[in-house]
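Reader: I am new to reading protein models, and I would like to go through this one slowly, one question at a time. Could we begin once the structure is in view?

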Amino acid sequence: MKHKSLILVAVVAVALTAKAQVTYERLLKAPGAEPQNWLTFSGGYNGQRFSPLQQINTGNVQELAPQWIFQTGVMGKFEATPLVVDGVMYVTAQEDAAFALDARTGRPIWKYVRAVPEGVQPCCGHVNRGFAILGDKLFLATLDAHVVALDSRTGSVIWDVEAADYRQGYTFTVAPLAVKDKIIVGVSGGEYGVRGFIDAYDAGTGKRAWRFYTVPQPGEPGFDTWKGDGWKRGGAPAWVTGSYDPEMNLVYWATGNPSPSNYGGDRGGDNLFSNSVLALDADSGKLKWHFQFTPHDLHDWDATEVPVLLDAELNGKQRKLLLHANRNGFFYVLDRSDGKFLFAKPFARQTWAKGIGPDGRPELLPGGDPTPDGAKVCPGAIGATNFMSPSYSPQTGLFYVNVREQCDIFTTAPQVFHAGRAFLGSAYSMDADEKDWGALRALEPTTGEIKWEFRHHSAPWAGTLATAGGLVFAGDIEGNLIAFDAREGKVLWHFETGSALYASPITYSLNGRQYVAVASGQALVSFALPQGALEKKKSGR
Amino acid sequence: MALLAAVALGQTSVAVSPAPEVKNPLAGNPQAIQEGRSQFRFNCSMCHGVDAQGTQKAPSLTTGRWAHGGSDGELFRTVQHGVPGTLMPAQESILTETETWQVISYLRSLQKPATLAGDAARGREIFIGEGSCLSCHMVNGHGGRLGPDLSRLGAERSAAYLAESIRQPSAHLAEGITEPNKDLAQKYQTVEVITAQGKRIVGVALNEDSFSLQIMGMDQQLHLFLKSEVREVVHKPKSLMPPYPPEMLSDKELQDLVAYLAGLRGQP
């Protein structure tokens with residue numbers, strides 16, 4: 001009898017341990033094989049931010065209601081995407097605080113607090129966009145430019161390595177991406193004249209496995225696209241999580257603006273590899289191909305939007321596509337096997353280019369460059385979209401993007417560079433005579449045609465989530481989380497969360513109940529259908 | 001990425017406010033003026049305008065009139081600590097002591113002597129008398145509710161902006177914000193609501209999102225709507241404030257009125 005219970009204990013222990021391990025194989029199959037979980041920043045390697053869950057659907061979403069609210073107690077913009085693994089939610093917050101929560105009740109399990117040094121210089125708030133998970137470790141990229149591994153059950157630090165010197169303007173705000181045995185991160189600091197890079201670290205030890213510098217040195221490919229000595233402080237950060245194609249073993253990671261963002265006098269040329277998407281070998285970090293969206297950018301149009309991977313037929317040929325709704329106002333479709341430009345079409349108002357030529361380069365319009373006194377250009381510096389995640393639904397075949405409609409007055413002036421100080425080359429200001437607005441737009445990805453749009457009162461900062469319940473969720477800057485009919489764009493439900501939304505929603509399932517969660521203000525809010533409605537459905541009433 | 005929020009302090013420690021009699025050590029220094037111009041552009045120009053001429057959010061800093069003290073030490077304090085109760089934020093975590101002095105050197109280089117020729121006392125008479133301004137605007141606790149409270153107007157807007165607002169109230173009607181902080185009054189845009197019963201209510205939008213609308217009606221009462229429950233919401237690119245052209249308000253009277261408004265600094 002005694003012997004038997006020991007065996008039972010052992011079996012249970014094995015089962016729990018196995019559950020706690022998030023293997024690379026699990027990540028490869030996410031979200032399809034385990035839709036109850038949300039295992040990566042974008043839900044899966046393809047960046048589609050689509051969930052097969054369908055308990056919450058077009059027929060019942062009207063009954064969606066908050067089930068719990070977790071208060072982080074940390075001020076600032078809450079931009080994180082939580083991960084959910086087997087009933088536990090892991091979320092990072094402002095100031096690199098991080099929490100493990102009971103995903104059914106919102107009750108905290110552990111908390112990680114980081115002593116962020118006073119001198120860190122993130123351009124746009126002390127924000128963090130989330131964890132990566134692999135094995136029993138969580139990975140956090142910090143404001144002081146470290147990469148940290150935490151034990152997923154306790155929050156204890158397993159390793160903590162410095163990637164760069166925060167005193168020089170280097171920071172991390174990105175949610176890392178776990179691929180095989182490596183943790184991939186991209187640096188922030190395009191406002192401080194850093195030299196951008198994408199790093200991979202060994203998940204077990206924290207040892208750096210490779211680094212790809214996004215600004216080449218003399219003698220390296222791409223260096224001839226920098227005239228003058230501007231490359232020394234060339235920027236091109238990489239602060240939004242990339243996507244991954246396991247078949248080709250390529251990581252697709254986008255890069256940001258050259259520095260200084262509004263003055264190009266000391267950096268003639270295209271300024272590779274700023275404002276590009278890079279296809280990097282996941283094992284070696286070697287560049288397979290690159291595509292630059294905005295050569296010699298003068299408008300702060302980082303290309304740091306999530307690349308969405310899709311296999312689809314285009315012009316009669318089955319292709320491996322990469323979709324990119326870019327901050328410069330154009331929706332691009334590339335062949336992700338070789339980086340070939342296929343087409344681009346505006347998805348927002350833009351006044352700077354006649355179009356994108358067959359070679360993928362913009363055909364510039366006169367008057368689009370910043371001037372000493374200011375020139376009005378659309379989109380504004382924040383762009384037609386930004387870090388907020390788009391999504392793609394295989395159910396509808398549509399790509400969803402939250403769009404900002406706003407123009408800016410761009411000025412330009414030379415600026416003396418001081419390491420570790422803001423380096424912008426003048427500034428931009430909002431066009432005060434035109435009220436900003438926004439829209440959730442549904443695009444047909446193989447044509448760029450806008451199938452429907454919902455007009456937001458103001459330009460949004462929140463991302464989207466598509467689900468097999470026929471829904472797409474998006475947030476607005478007034479604090480509303482909104483559920484739409486994914487086919488037609490009809491608003492089916494909305495909820496005022498009480499603070500501007502700067503995050504992208506996720507969905508998960510526990511004990512037969514589907515939840516939708518989003519960060520808002522200092523709160524993480526989780527919604528579900530009321531228990532009564534679910535029971536009614538089960539009993540057929 | 002856009003520089004939107006606080007840029008944290010670099011290697012220098014946080015500056016302590018000098019006493020008002022402290023002098024700018026970089027006064028008149030050409031390089032400091034140049035550096036100050038750069039700092040001004042990316043830290044201050046979004047509200048004060050690219051060349052400090054003022055915008056609808058903040059006053060001109062070129063007139064030699066300083067709402068919160070014009071000595072070097074007072075300007076330093078204003079920049080570093082902001083002005084409580086106004087939109088002027090503290091810059092102590094953004095600008096080092098040296099950079100603050102550079103900005104002050106730059107601002108000093110721009111000064112044009114203030115020539116507000118108007119008679120403020122006469123302007124006040126117009127404001128409370130034939131202008132009927134108090135029927136819509138409140139000053140220091142007296143007046144109407146339809147238009148913005150003007151108690152601190154002189155500290156918040158340039159004289160040129162005031163004159164334009166009187167002659168052409170609809171010239172700059174955008175709400176002037178992109179973020180939801182609602183730290184700027186939005187009492188500019190005219191909204192007309194047709195209710196489900198066909199009743200027409202006109203007012204100014206106090207707040208709005210995609211689903212609801214809160215307005216101050218012409219009756220100076222709050223009216224709160226769900227957009228799904230009304231027949232129509234029409235935004236009018238026109239202010240409810242009537243324009244005051246020269247035939248109604250002479251140039252001299254305009255000068256007087258602006259002189260009065262420019263002197264409004266809030267309740268003592």
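Reader: Which residue in β37(A) is the bridge partner of A:Leu510?

Author: This is a predicted model, and that should be kept in mind throughout. Strand β36 (residues 506–510) of chain A runs antiparallel to β37(A), and five bridges join the two strands. Within that pairing, the partner of A:Leu510 in β37(A) is A:Arg513.

Reader: Which residue in the turn between β36(A) and β37(A) has a positive phi?

Author: The two strands form a hairpin, and two residues lie between them. The residue in this turn with a positive phi, of about 50°, is A:Asn511.

Reader: Which residue stands opposite A:Ala519 in β38(A)?

Author: On this side, β37(A) pairs with strand β38 (residues 523–528) of chain A in the antiparallel sense, over six bridges. These two strands also form a hairpin with two residues between them, where A:Gly521 in the turn has a positive phi of about 65°. Across the pairing, the residue opposite A:Ala519 is A:Leu524.

Reader: Why is β37(A) described as largely enclosed by the rest of the structure?

Author: To call a residue buried, one counts the other C-beta atoms within 10 Å of its own and asks for 20 or more. Strand β37 (residues 513–520) of chain A has eight residues, and it is largely enclosed because the number of them that are buried is seven.

Reader: Which residue with a positive phi follows α3(B)?

Author: Helix α3 (residues 72–81) of chain B has seven of its 10 residues buried, so it is largely enclosed by the rest of the structure. The buried residues include B:Leu75, B:Phe76 and B:Val79, and α4 of chain B is part of what covers them. After this helix comes a residue with a positive phi, near 70°, namely B:Gly82.

Reader: Which residues touch the most other members of the largest nonpolar core?

Author: In soluble globular proteins, nonpolar side chains tend to be buried together. The largest nonpolar core here has 163 residues, and A:Ala178 touches A:Leu27, A:Phe139 and A:Ala203, among others. The residues that touch the most other members are A:Ile133, A:Ala178, A:Ile183 and A:Val187.

How values were computed: Residues numbered from 1 in each chain as written. Chains lettered and ligands numbered in written order. Predicted model: local features only at pLDDT ≥ 70, side-chain atom pairs only at ≥ 80, totals over all residues. Buried ≥ 20, exposed ≤ 12 C-beta atoms within 10 Å, placed from the backbone. Helix = DSSP H or I, 4+ residues; strand = E, 2+ residues; numbered from the N terminus. Pairing = 2+ DSSP bridges. Contact = placed C-beta atoms within 7 Å. Core = buried A, V, L, I, M, F, W, Y, C linked by C-beta atoms within 7 Å. Lists of a residue's contacts leave out its neighbours within four places in sequence.
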